[in-house]
Amino acid sequence: MLSALRLRRWVCPNCLRRETPVRQRRWISSSPRLAIRNTRKSSFISLNLKPSSDSDIATRDVFDHPEIYTGVNRSVKNPGLFANKYLTRPEGFIEFANVSLKKARAIVERVLAASTLEQYRVIVQDLDRLSDILCRVLDMSDFVRVTHPDRKTQQMASAAWDMVYMYMNELNTMTGLNDQLGKAMDNPDVTATWSEEERMVAEVLKQDFAKSAVNLPKESRDRFVTLSSEISRVGSDFVQDMVPEKRYVALPSSMLRGMDPVEARSLTRRDMVYLPTLSGAAAGALRSVVDPDARKALFYAARTASDRSVAQLETMTKLRGELARLSGFESYGHLALRDRMMAGSPEAATQFLRALAENNALKVEAETAALLQQKILDHPEATKLDPWDKDFYAEAVRRSMRGTAQRYDDHLSSFFSLGTVMQGISRIFTRLYGVKLVPREPWEGETWHPDVRRFDVISDTDGHIAVLYCDLFYRPDKSPNPAHFTLRCSREISEEELAEAADLVDRDEGPYFPSPELAATDGMSFSKKGRVVKQLPTVALVCDFPQTSSGPALLSFYQVETLFHEMGHAVHSMLARTSFQNVSGTRCATDLAELPSTLMEYFASDPTVLSLFARHYETDEPLPYELLAEKLRQSRRFEASDTENQIILAMLDQEVHSQKALEPGFDSTKIYHILQRQYGRMPPDPAGTKWQGFFGHLSGYGSTYYSYLFDRVLAQRVWHVVFSAGRDNGALQRENGERLKQGLLKWGGGRDPWHCMADVLRDDRLANGGEKAMALVGSWGTSNRV
């Protein structure tokens with residue numbers, strides 16, 4: 001029914017490392033000294049204090065000096081998890097689900113009964129509220145069942161999720177809501193009263209109904225449900241069961257010179273070394289083993305999926321093709337890219353990828369030439385690079401680049417304590433957007449673990465605008481994947497809702513709500529400006545950083561980038577405080593959602609930005625930037641080749657979800673090899689390999705894998721055009737931050753994303769989108785390195 005009801009958890013794939021530019025300049029030290037030992041106990045911002053300058057110090061100290069963190073505020077009796085009054089105990093999830101379903105059914109009845117002009121004018125508001133009511137349960141329950149340490153709470157959250165999901169499936173079979181929305185959209189006397197945001201929500205809802213096949217005859221709808229179930233099952237099997245054709249590669253130890261001898265001995269049986277094909281040991285051997293025949297054997301094995309894995313992949317794409325045809329689409333790509341995608345069509349996505357490949361080609365040729373030159377040093381007679389040479393000679397080139405920075409690599413983390421990085425992020429947000437993170441003691445029962453820190457997000461113009469929970473330390477009982485969760489979106493609460501909620505105030509039964517505003521928001525945070533009441537976005541960030549008992553958690557630079565990336569998602573959720581939850585925050589075009597997070601990674605490596613916070617946790621010495629710059633130059637030495645690989649994978653995603661999936665003789669292996677030879681400059685995979693059978697993202701990203709490349713290009717363009725690539729303090733100027741905020745971030749999905757990008761970049765060529773605009777974006781490339 002409503003794709004706005006689908007769960008939105010932004011987990012960024014580890015296989016796509018977003019790169020950032022390096023610019024070297026004189027360090028500017030503007031951070032206050034960190035060693036303020038004698039004031040730490042008063043630096044934490046308690047709930048009864050207004051935000052002050054102390055919040056900057058407290059943002060660091062709640063992570064780096066947990067001894068000053070008192071844990072919880074016991075002045076208020078358990079207000080419930082996330083301050084949701086229904087969630088004071090595990091069984092509260094069931095009560096919350098039942099109350100929400102009762103509200104949802106009342107809205108459905110009202111929408112179906114709508115007949116007057118005024119009733120049709122508010123139909124988008126009603127459907128958005130319906131979506132919000134269900135999402136409140138689904139999003140919180142989904143988060144809790146994968147993150148909360150208590151088993152019973154997990155079970156109750158799962159049960160609540162199931163209850164609401166079953167109701168959502170009921171709505172999927174109802175044509176009445178779609179019919180009523182269509183009547184409203186077809187009436188100019190109705191649409192004339194709608195805002196631009198309201199029109200966007202109506203279009204989103206209409207597309208969601210169309211993708212659910214509610215307009216099809218019953219027999220076709222039943223087939224649609226069956227196909228959807230089959231796709232889910234086969235896709236899950238494909239991801240979980242993918243295996244190589246050969247599970248092990250057995251080689252004599254004499255062929256493995258260069259491999260870690262300790263690791264080799266651990267894998268040795270009767271003078272043969274047995275390397276699991278897809279293991280870290282095998283991947284490491286491709287980088288270190290001198291014998292090319294050994295590397296060739298390892299390469300072939302690692303690039304050849306089993307026939308079963310390939311068959312599952314092709315079955316999945318064929319089923320998707322059939323589903324698309326049933327729904328009236330030419331291909332699954334056309335179905336997938338119609339909904340909330342800037343590309344809009346497979347043809348436009350392909351134009352982007354081809355233009356990007358052309359932009360990237362010369363860089364790859366230069367990198368290939370450098371690898372061949374390195375090979376010639378070992379083999380003067382060599383005239384070409386073999387596929388199994390790339391990793392080995394890339395590692396050799398990087399070794400030749402390593403200087404003093406290599407000796408101090410571990411030392412870098414001393415400048416990135418978790419607290420100072422969070423402090424730095426808050427300072428960046430303050431400089432750019434006028435918002436800061438203010439740590440607050442949570443109420444007892446508000447959080448799910450003692451490690452969780454709560455922050456109120458405070459704007460210098462709008463006051464309290466969001467709530468952020470940070471669960472950043474490793475625990476064995478939670479997912480290791482860094483993730484941004486939207487627990488609740490922004491939405492304006494109507495006066496009618498407040499009038500309904502007034503009946504819940506001061507009741508003897510059920511949760512206690514002292515005001516209609518709290519009753520309407522389940523007890524969670526809200527803002528009130530004049531007569532406008534909005535529920536505040538509530539966001540959770542989850543990471544798996546190591547925690548020690550002897551000092552602050554020290555982050556690698558990769559972990560710093562990860563935290564910046566996830567905070568990019570969070571700031572999008574915080575600033576896009578729309579009136580409709582369907583378009584709030586990251587609920588925007590899917591191929592735009594990674595732009596704010598990818599852009600934040602550019603800030604993570606800018607020297608002026610780093611001068612705000614990157615200081616040694618003991619000595620207060622500023623980070624010697626050249627150490628980081630050299631590390632980045634090494635890691636990015638062959639990024640064009642890595643980009644080429646991602647381009648080809650994105651092209652493969654388009655091809656297997658095209659009309660070809662339903663043609664006789666559909667062969668994903670042949671398609672992949674043709675793409676490598678047509679668009680690649682690196683040595684292609686040899687005949688007999690079938691790597692696409694390992695490409696699990698084809699299941700989750702069907703026809704949208706290009707999105708991360710697309711957002712990498714847009715992010716680098718914004719970084720250079722809006723923030724001047726950090727030159728002349730451009731990364732920290734308020735006017736630049738406001739340009740991004742006013743042009744893009746504040747809109748969420750409530751405005752045409754092409755119009756947003758045209759405004760931010762001041763480039764009218766983008767305004768109308770389409771194939772030409774997609775090709776233009778591709779021609780910009782993914783990086784402008786120095």
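Reader: Why is aspartate 522 called buried?

Author: Buried means under 20% relative accessible area, exposed means over 50%, and partly exposed is in between (1.4 Å probe, protein chains only). Aspartate 522 has a relative accessible area of 1%, so it counts as buried. This is a predicted model: local features need pLDDT of at least 70, side-chain atom pairs count only at pLDDT 80 or more, and totals for chains, interfaces and linings use all residues. Residues are numbered from 1 along each chain as its sequence is written, and side-chain values use heavy atoms, with hydrogens and water left out.

Reader: Where is aspartate 522 found?

Author: In the loop between α21 (516-520) and β10 (526-529). Helices (H or I, at least four residues) and strands (E, at least two) are DSSP runs, numbered from the N terminus. Aspartate 522 also has a positive phi of about 65°, although it is not a glycine.

Reader: What makes alanine 725 buried?

Author: Its relative accessible area is 2%, so alanine 725 is under the cut-off for buried. Alanine 725 sits in the loop between α29 (707-721) and α30 (734-743). Its phi is positive too, about 55°, and alanine 725 is not a glycine.

Reader: How do you know that β10 and β11 pair?

Author: Two strands pair if DSSP finds at least two bridges between them. β10 and β11 (residues 532-535) have four bridges, in the antiparallel sense, so they pair.

Reader: What is the order of the strands in the open sheet?

Author: The order is β9-β11-β10, with antiparallel pairing. β9 (491-493) and β10 are the edge strands, because each pairs on one side only. Neighbouring strands of this sheet are turned by 30° against each other on average, direction ignored. Axes are lines fitted to C-alpha atoms, for helices over the stretch in contact, and angles run from 0 to 180 degrees between N-to-C directions.

Reader: Why is the pair of tyrosine 300 and tryptophan 388 called tilted?

Author: Rings of Phe, Tyr and Trp (its six-membered ring) pair if their centres lie within 6.5 Å; planes under 30 degrees apart count as stacked, over 60 as edge-to-face and the rest as tilted. By this rule there are 31 aromatic pairs. Tyrosine 300 and tryptophan 388 are 6.2 Å apart centre to centre, with 35° between the planes, so the pair is tilted.

Reader: Are tyrosine 300 and tryptophan 388 buried or partly exposed?

Author: Tyrosine 300 has 29% relative accessibility, so it counts as partly exposed. Tryptophan 388 has 12%, so it counts as buried.

Reader: What makes arginine 717 a charge over a ring?

Author: The rule asks for NZ of Lys or CZ of Arg within 6 Å of the ring centre and within 35 degrees of the ring normal. The charged end of arginine 717 sits over the ring of tryptophan 780, 4.1 Å from its centre.
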